[in-house]
Amino acid sequence: MKFFVDTADVAAIAELDALGMVDGVTTNPSLIMKSGRDIHEVTREICALVAGPVSAEVVATEADAMIREGRRLAEIADNIAVKVPMTWDGLKACRALRNDGCMVNVTLCFSTNQALLAAKAGASFISPFIGRLDDINLDGLQLIGDIRIIYDNYGFETEVLAASIRSANHIAECAKLGADVATAPPDVIRKLVQHPLTDRGMDAFLADWAKTGQRIVA
Ligand code: E4P
């Protein structure tokens with residue numbers, strides 16, 4: 001499973017990228033707002049840092065304007081994936097931008113039927129939002145599994161990009177369900193390393209080592 005980092009924080013991306021943890025990046029208007037940076041400037045910086053797809057989202061709501069914005073965003077770098085919303089206009093923009101040769105990520109997906117439409121419109125990625133479904137007492141992980149089944153049934157090449165990930169458990173479950181990609185905030189990716197038995201084991205080893213009085217490097 002590929003890991004995308006869901007942030008526009010360049011320092012956080014660089015830190016994870018240095019460990020080989022970054023296969024791509026996703027941003028959205030809220031994350032750009034949080035970064036306090038200019039969208040063109042920060043997106044260019046991220047694209048220069050990361051070799052994989054970097055999603056940058058349009059904010060227009062009408063297809064022609066989305067296509068104009070998408071083309072402008074795609075000029076930033078070759079690894080831009082234009083993010084369009086899961087609406088009819090978004091699907092029109094998806095098809096047009098794919099015909100241009102751009103990668104397209106269809107975002108704000110909350111149902112299998114929406115995912116089916118995005119695949120038929122030629123989306124490179126579909127972004128089902130797990131956490132926001134869980135927030136309203138629906139099952140976000142179930143949606144990931146259902147989309148996986150449907151795409152496999154028909155051989156759709158659209159990649160399932162599990163989004164709105166809130167916990168380390170979400171990532172493990174998405175991997176079991178066969179999501180192609182998980183995009184998660186940097187702090188969730190860092191949490192994947194944590195296990196209380198690892199901490200306890202480290203404490204015991206270090207305590208015993210101290211009793212030996214030895215040093216590995218003099
Ligand atoms: C995905 O591309 C979105 O940017 C993101 O995962 C949304 O997550 P949220 O629901 O935590 O805002």
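Two strands pair if DSSP finds at least two bridges between them. Strands here are DSSP E runs of at least two residues, and helices are H or I runs of at least four, both numbered from the N terminus. With that settled, β3 and β4 run parallel and are joined by 4 bridges. Within this pairing, Ser-55 stands opposite Ala-81 in β4.

Before I go on, the basis. This is a predicted model, in which local features need pLDDT of at least 70 and side-chain atom pairs count only at pLDDT 80 or more, while totals for chains, interfaces and linings use all residues. Residues are numbered from 1 along each chain as its sequence is written, and side-chain values use heavy atoms, with hydrogens and water left out.

Now the barrel. In what order do the strands close into a barrel? There are 8 strands, the order is β1-β2-β3-β4-β5-β6-β7-β8, and the pairing is parallel. From one strand to the next the twist averages 30°. Angles run from 0 to 180 degrees between N-to-C directions, and axes are lines fitted to C-alpha atoms, for helices over the stretch in contact.

Val-106 has Ile-126 in β6 as its bridge partner.

Helix α3 (residues 39-49) packs on the sheet and touches β2 (24-26), β3 (54-57) and β4 (80-85). Contact means heavy atoms within 4.5 Å. The direction of α3 makes about 170° with that of β3. Helix α5 (residues 88-100) lies across β4 and β5, running at about 160° to β4.

Back to β4. Are its faces covered or open? Both faces are covered, with Ile-80, Val-82 and Val-84 buried on one side and Ala-81, Lys-83 and Pro-85 buried on the other. Buried means under 20% relative accessible area, exposed over 50%, and partly exposed in between, using a 1.4 Å probe and protein chains only. In a regular strand the side chains alternate between the two faces of the sheet. In β4, 6 of the 6 residues are buried, so the strand is largely enclosed by the rest of the structure.

Next, the helices around α8. Two packed helices are described by the angle between their axes and the distance between the axes. For α8 (residues 140-154) and α9 (residues 168-177), the axes come within 9 Å and cross at roughly 20°. That makes the two roughly parallel; the cut-offs are under 35 degrees for roughly parallel, over 145 for roughly antiparallel, 65 to 115 for roughly perpendicular, and oblique for the rest. On the α8 side, Leu-141, Ile-144, Gly-145 and Arg-148 meet His-170, Glu-173, Cys-174 and Leu-177 in α9. By class, this contact has 4 nonpolar, 2 polar and 2 charged residues. Ala, Val, Leu, Ile, Met, Phe, Trp, Tyr, Cys and Pro count as nonpolar, Asp, Glu, Lys and Arg as charged, and the others, Gly among them, as polar.

Helix α6 (residues 112-120) also meets α8: the axes come within 10 Å and cross at roughly 40°. The pair is therefore oblique. Thr-112, Ala-115, Leu-116 and Ala-119 in α6 meet Leu-143, Asp-146, Ile-147, Ile-150 and Tyr-151 in α8. The classes in this contact are 7 nonpolar, 1 polar and 1 charged.

Gly-140 is buried, with a relative accessible area of 1%. Not counting residues up to four places away in sequence, Gly-140 touches Ile-130, Leu-133 and Asp-134.
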